[in-house]
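Here's a quick tour of a protein model, going from the overall fold down to a few side-chain pairs. Have the viewer open while you read.

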Amino acid sequence: MSLDALAASVRRQLALLDYPAHDWVPAAPAGVLDVAIIGGGQTGLATAFALQRQKVGNIAVFDRAAPGGAGVWTTFARMRTLRTPKHVTGPDLGIPALTPRAFFEARDGEAAWQALRKIGREDWQHYLDWYARVLDLPVRHEHALEAIEPDGALLRLRFGTPRGTVELRARRLVLATGMDGSGAWVTPRPFDRLPPDRVLHTAQEIDFAGLAGKRLLVIGAGASAFDNLATALEAGADHARMLVRRPRMPRINPFRWMEQAGFLGQQHALPDLLKWRFTRHIFELNQPPPQESWDRVAGDPRFAITMGAPVLDARMADGAVVLDTPQGAFRADAVILGTGSTVDLGLRPELAPFAHQIRLWRDAFTPPAGEDSALCAASPYLSDDFSFQEKQPGAAPFLSRIHCVTYAATLSMGLSGASISGMKYGVPRLADGICRALWREDAEHHLAALQAFDLQELTSLIPEELVEEAAR
């Protein structure tokens, strides 16, 4: 099957499932969207598709990147393949012809799919680009969200674009902005003491060619740290040592346990204490690097790793970076941080003006003694439709119109849309929650429409005079 034939199959399958077939959301005024989705990566695209299937068509997806550059896959993702097993589905939302397998078999053949271990990261971007095209999703590229303001029963959104500032209004807003969508990639202490040009982050653009012949120290032992270290060695770095605060390398990946219908489908419904305990354990267990990432560097004599080496101090000496650890001092020309992102809503420019009004888990829940977690405590405490809650009831009612499906939604909603593994369950719940909110808001309109409904279905009756004669 060619990709053209597969696209035809997608349209056929959607037509077969097209019930109910008519729109139901009242027409909005010009310049007003029913739903604005921020983020044109996999979660934003799948959310748009889910809403379209529910006949919510007055929507748009906004992404700051140019076409082909949404998400991480062609920017700062430096692994060779996805970390997710190839059989995991998600963006397809149950449409067989939209699954990754259907796409790759149509493009490369069934034998190639069978031989494939994991999907290449750039191939995944090709799949997402095809997905957006075949579904004709309303994506607006080069739109960077700069501000969110309440405007009566709407939200006023301001975007920066190459053509200047664009403003529009929306009834609902979805933040599908990924791993750092509820915070930022940050340079933690003590690395902020070093010259900025000596400290690189795995989530930024890096001139790896410029690192040829350099000595590097890589902080962290996650997948991104390994992938950036490997990329630097492949670009000609002289030596790269990984410093890891943990005494032993993590080996257990909790995502493989989480990939079950029970957890993915029902974790969000647990009481708060159990949500906390599940998520705290997952966050603390962390993920090991994929075997492929380890194998990429393990045999290289320029690679070294030191465990039990949290960085206590950072300084410059004789033109070199010096990092002090319990295992000694290490010198290099530059540092690459694989330290991930932080959850802090105030670090997001679009959320900063009202971040202090958003209810967090630390405002809603006190864990038992000895079960504290700073990461869990900083997570937003979300309603069952992924929307923000007010810290002080009545102070910021517009927050209920903003739906957060970033990675920070994990504690409230389980593994949901910010990872491929959780999309199959999280995205439909999000779309259902938005539809529920829209229906409730418009209930009086729909009631009036029902009361005025006068379409006659029974159109052929016995003439009245015959009925009267039969009665006599």
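## Overall picture

Of the contacts in the protein between residues at least 6 apart in sequence, 71% join residues at least 24 apart; contact here means heavy atoms within 4.5 Å. The model is a predicted one, where local features need pLDDT of at least 70, side-chain atom pairs count only at pLDDT 80 or more, and totals for chains, interfaces and linings use all residues. Residues are numbered from 1 along each chain as its sequence is written, and side-chain values use heavy atoms, with hydrogens and water left out.

The protein has 16 helices and 17 strands, taken as DSSP runs numbered from the N terminus (helices H or I, at least four residues; strands E, at least two). Its C-alpha trace spans about 115 × 55 × 50 Å along the principal axes. Of the 472 residues, 50% count as buried; that label means under 20% relative accessible area, with exposed over 50% and partly exposed in between (1.4 Å probe, protein chains only).

## Cores

The largest nonpolar core has 80 residues, and Tyr131, Leu157, Phe388 and Ile402 have the most contacts inside it. Helix H14 gives the most to this core, with eight residues. Another core, of 22 residues, lies apart from it and includes Leu200 and Leu233. A nonpolar core is a set of buried Ala, Val, Leu, Ile, Met, Phe, Trp, Tyr and Cys residues joined through side-chain atoms within 4.5 Å.

Helix H5 runs over residues 121-134 and reaches 20 Å from its first C-alpha to its last, close to the 20 Å expected (1.5 Å times one less than its number of residues). Its buried residues, among them Trp124, Tyr127, Trp130 and Tyr131, pack against helices H1 (3-16), H2 (42-53), H3 (100-108) and H14 (420-441). After H5 comes Asp136, with a positive phi near 55 degrees.

What does Phe103 touch, not counting residues up to four places away in sequence? Its partners are Leu3, Leu6, Asp123, His126, Tyr127 and Trp130. Phe103 lies in helix H3 and is buried, with a relative accessible area of 2%. The C-alpha atoms of Phe103 and Leu3 are separated by 7.1 Å, although the two are 100 residues apart along the chain.

## Salt bridges

A salt bridge needs a side-chain nitrogen of Lys or Arg within 4 Å of a carboxyl oxygen of Asp or Glu; by this rule there are 32. Glu105 pairs with Arg101, with the closest N and O atoms 2.8 Å apart. Both lie in helix H3, four residues apart, about one turn of the helix. An α-helix has 3.6 residues a turn, so residues three or four places apart point the same way.

Glu234 and Arg296 also meet in a salt bridge, at 2.9 Å from N to O. This pair links distant parts of the chain, with Glu234 in H6 (residues 223-234) and Arg296 in H10 (residues 291-298), 62 residues apart. Glu234 is partly exposed at 45% relative accessible area, whereas Arg296 is buried at 17%. Elsewhere, Asp34, Arg171, Arg172, Arg401, Glu441 and Asp442 are linked in a network of salt bridges.
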